[in-house]
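These are my notebook entries on one protein model. I set down what I looked up, entry by entry.

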Amino acid sequence: MDPPTGSSSEDYDYDLLVIGGGSGGLAVAKEAAGLRRKVLLLDLAAPSPRGTKRELGGSSLNTNSVRKFLQQASLLGKAIQDSQKYGWREKEPVSHGWTELVEAAQQQVKTRSVELKKELKRFGVFYLSARAEIVAPHTVEVTDTNGSKRRVTAETLVIATGDSPQYPGIPGDREYCVTSEDLLSLPHPPGRTLVVGGSAEGLESAGFLFGLGLPVTVMQQHDLLQGFDQKTAQKIENHMIVSGVKFLYHCSLTKVPSKTNTGTVELNVLLAVGRNANTSDIGLECVGVQRSQDTGRILVNERDQTSVDHIYAIGSVQHGRPSATGLSVHAGTLLARRLYRGDSILCDYSNVPTVVLTPLEYAACGLSEEKANVTFGEASIEVYHSHYWPLEWELPGRNKNSCYVKVICHIPDHERVVGLHVMGPNAGDIVQGFAAAMKCGLTKEQLDATVGTHPGSAQVSFVKLPCSVLEKGSAVWGQCQTSRFK
């Protein structure tokens with residue numbers, strides 16, 4: 001939609017100008033427009049070095065959807081194997097069609113982008129697929145796709161440009177490597193793949209490709225799943241190793257030639273070494289918006305306000321804050337209400353549920369054990385944990401006691417639950433329900449008093465009785481332990 005000329009107030013063209021069309025940017029724009037403010041949203045992300053186009057919605061909406069599609073494709077393959085134990089007979093050998101998956105997922109992303117544009121129009125947000133650069137405190141230079149430039153002014157600016165995959169800066173990285181966002185742009189399955197990096201993106205990509213029957217090796221660069229509970233991360237690693245994924249340790253990538261061969265088999269390289277905030281070319285330095293020298297992410301206060309009073313930042317561009325799609329939407333909505341409705345409610349960035357879509361899904365809310373020990377002191381922390389076996393895995397005999405749940409409690413505060421970690425099917429959905437309870441101050445006693453549904457995994461997801469009462473090695477309860485993990 002081409003925005004009209006004219007002022008929304010005496011001095012500015014717009015009340016609010018949002019740079020970036022990710023989940024947080026979309027949320028603050030729609031909410032502000034709904035509160036009768038004149039809003040312009042600018043979003044034009046450059047394609048990846050491999051030419052992958054980035055649609056409206058940003059990495060938070062589009063990449064996360066693709067992550068789920070890829071995980072589901074892998075899980076369906078395993079379910080087909082399990083189905084024989086449930087009496088299903090295959091009339092012919094089952095194979096996977098890469099082209100069909102790519103076309104379906106790409107179409108879904110494009111459809112979502114079209115729907116988002118319609119939604120912006122319905123809310124009254126003026127949207128341009130154009131590049132934005134701040135050139136003065138309230139002035140943004142807009143560069144259209146045809147290269148034409150013009151300047152617009154706004155009373156308030158919001159930065160919501162998101163982030164993109166990081167490249168290690170070695171010869172051949174941009175020319176001959178792919179990232180997770182490029183996977184569904186490949187015309188053929190990548191074949192034998194070296195995944196560089198033990199991040200969530202790396203393990204998810206490795207699990208997906210291996211689930212399709214492709215040989216995969218993970219080359220760790222730092223700690224596995226940095227920022228997550230490390231003992232649980234080790235269990236994910238062990239599960240993947242037992243499944244057949246190979247891991248390389250104490251290695252680094254120094255160069256990627258045009259053809260990476262090991263013997264007679266071509267090796268494809270997928271980079272998952274982190275993500276960079278998209279803040280380097282939007283003019284922040286022109287107006288003095290402060291960024292972290294290490295990460296490039298924007299420093300904000302509790303009101304999501306930058307070092308410049310009328311400029312705010314939302315989503316993964318924020319320094320030191322968790323990044324999640326739902327969190328960005330929530331924060332963007334609250335920001336618009338504070339700006340234009342007089343609300344005072346701040347976004348709570350603690351106890352934010354997050355999920356890693358590895359083959360054996362991992363979800364967490366609150367602190368890791370390591371962080372809890374640093375925050376409260378090891379003597380003030382009690383850790384309860386249990387392995388369990390989902391009922392639906394019993395018939396096919398899958399991975400007995402490989403699923404895991406861990407509850408971290410602060411002893412002086414009536415054993416308040418400060419961390420919850422689940423590793424198993426649908427872990428993200430399980431943790432979501434308990435995130436609300438943790439916001440309300442859930443204690444271990446209350447957790448024990450919660451009745452679990454049966455049949456299913458609800459009864460085994462949380463330690464409800466002293467371990468001495470449980471039958472050690474029980475297929476239902478698993479091997480429960482209560483320990484300080486000294």
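Predicted model: local features only at pLDDT ≥ 70, side-chain atom pairs only at ≥ 80, totals over all residues.

**Entry 1: helix α1.** I began with a term: a residue counts as buried when its relative accessible area is under 20%, and as exposed when that area is over 50%. Helix α1 covers residues 23–34. I found it mostly covered, with 11 of its 12 residues buried. The buried residues include S23, G24 and G25 at one end of the list, and K30 and E31 are also among them. I then checked the length of α1: from first C-alpha to last it reaches 16 Å, close to the 16 Å expected at 1.5 Å a residue.

**Entry 2: two residues with positive phi.** Just after α1, I noted that R36 has a positive phi of about 65°. R36 is a residue other than glycine, and it sits in the loop between α1 and β2 (39–42). I looked up a second case, D304, which also is not a glycine and has a positive phi of about 65°. D304 belongs to the loop between α7 (284–287) and β16 (311–313). Is each of them buried or exposed? R36 is exposed, with a relative accessible area of 77%, whereas D304 is buried, at 0%.

**Entry 3: the whole protein.** I counted 11 helices and 22 strands in the secondary structure. The radius of gyration is 24 Å, close to the 23 Å that the globule rule gives for 486 residues, so the protein is as compact as a globular protein of that length. Along the principal axes, the C-alpha trace spans about 75 × 60 × 45 Å. Buried residues make up 50% of the 486 residues.

**Entry 4: strand β19.** I turned to β19, residues 381–388. Eight of its eight residues are buried, so the strand is largely enclosed by the rest of the structure. In a regular strand the side chains alternate between the two faces of the sheet. In β19, I381, V383, H385 and H387 point one way, while E382, Y384, S386 and Y388 point the other way. Which strand pairs with β19? It is β20 (residues 403–410), in the antiparallel sense and over eight bridges. As one example, I recorded that H387 has Y404 of β20 as its bridge partner.

**Entry 5: an open sheet.** I traced a sheet of five strands in the order β8-β14-β9-β10-β11, with parallel pairing. The edges are β8 (178–179) and β11 (246–248), each with a single partner strand, so one side of each is left without a neighbour in the sheet. Within this sheet, β9 (residues 193–196) and β14 (residues 268–271) run parallel and are joined by four bridges. V195 has L270 of β14 as its bridge partner.

**Entry 6: a cavity.** How many cavities of 30 Å³ or more does a search of the whole structure find? It finds one. The largest cavity holds about 30 Å³ of space. Its lining consists of G315, Q318, P322, S323, L327, S328, A331 and Y349.

**Entry 7: a cis peptide bond.** Lastly, I looked up the bond joining H454 and P455, which is cis, with omega about 0°. P455 lies in the loop between α11 (444–448) and β22 (480–483).

How values were computed. Residues numbered from 1 in each chain as written. Heavy atoms only, no water. 1 Å grid on protein atoms, 1.4 Å probe; cavity = no way out; pocket = protein on both sides within 12 Å on 5 of 7 lines; lining within 4 Å. Points joined across faces, edges and corners; volume = space filled by probe spheres on them. Buried < 20%, exposed > 50% of the residue type's maximum accessible area, 1.4 Å probe, protein only. Pairing = 2+ DSSP bridges. Expected span 1.5 Å × (residues − 1). Rg over C-alpha atoms; globule rule 2.2 N^0.38 Å.
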